[in-house]
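Hi,

Here's the structure I said I'd pass along.

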Amino acid sequence: MRKILGVAGTIQDRLSRLGFILAACILAFISAAYCYEVVSRYFFNAPTIWASPLVSYALCLTIFLALPDLARRGLQISIDLHEAWASPAVIQRLLRITNFVAGAFCIVAAWITAEQAWSEYATGVLTNTYLPIPKWWLFVFIPYGFVSGGLYFLLQALGEAPHSEGTAQ
């Protein structure tokens, strides 16, 4: 059983890393699309109809593809006010509680967003833009990010240390 979990963990780590790399590439694409839109609009008086919605969709993908790897490496945003007044043991306990709560909320959010993605798929809802696409194409990445990130938070709540850049990739 431990071997199966170890293999599953390695696969999850690699998928998370791949998602992060893909998110970085999408972010570069967002920058290029905005630059193209600005040049097209202001220098050639020919604004695009695709750049703005595409950038919005790509931003959603970027967030939820990057979330799991950031959680895996413990790089999520945190405010460390307790370090000035708490002992290391108390800080460790608070960190585990915080990771448990974050993991639980991520799993619940994944469930809610997965139901919504299924609803969008089942009813065939399209985006409300000049170039409509099925909304579930975007929604499907949201539960993935929440589930994967939530699992890393829960593992850290159970005592597993966040992976550094050189481990478990």
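Going from the N terminus, the elements of the chain run α-α-α-α-α. That makes 5 helices and 0 strands. Keep in mind that this is a predicted model.

On overall shape: the chain has a radius of gyration of 19 Å, well over the 15 Å that the globule rule gives for 169 residues, so it is more spread out than a compact globule.

How much of the chain is buried? Of the 169 residues, 33% are buried. The accessible surface comes to about 11100 Å², and carbon and sulfur atoms account for 73% of that.

As for the contacts, I looked at those between residues at least 6 apart in sequence: 75% of them join residues at least 24 apart.

You'll find N45 in the loop between α1 (2–43) and α2 (51–72). Its phi is near 50°, a positive value in a residue other than glycine. For context, most residues other than glycine have a negative phi. Is N45 buried or exposed? N45 is exposed: its relative accessible area is 69%, and the cut-off for calling a residue exposed is over 50%.

Cheers

Notes. Residues are numbered from 1 along each chain as its sequence is written. This is a predicted model: local features need pLDDT of at least 70, side-chain atom pairs count only at pLDDT 80 or more; totals for chains, interfaces and linings use all residues. Side-chain values use heavy atoms; hydrogens and water are left out. Helices (H or I, at least four residues) and strands (E, at least two) are DSSP runs, numbered from the N terminus. Buried means under 20% relative accessible area, exposed over 50%, partly exposed in between (1.4 Å probe, protein chains only). The radius of gyration is taken over C-alpha atoms; the globule rule is 2.2 Å times the number of residues to the power 0.38. Contact means heavy atoms within 4.5 Å. Accessible areas come from the Shrake-Rupley method with a 1.4 Å probe; for residues, only the protein chains shown count as cover.
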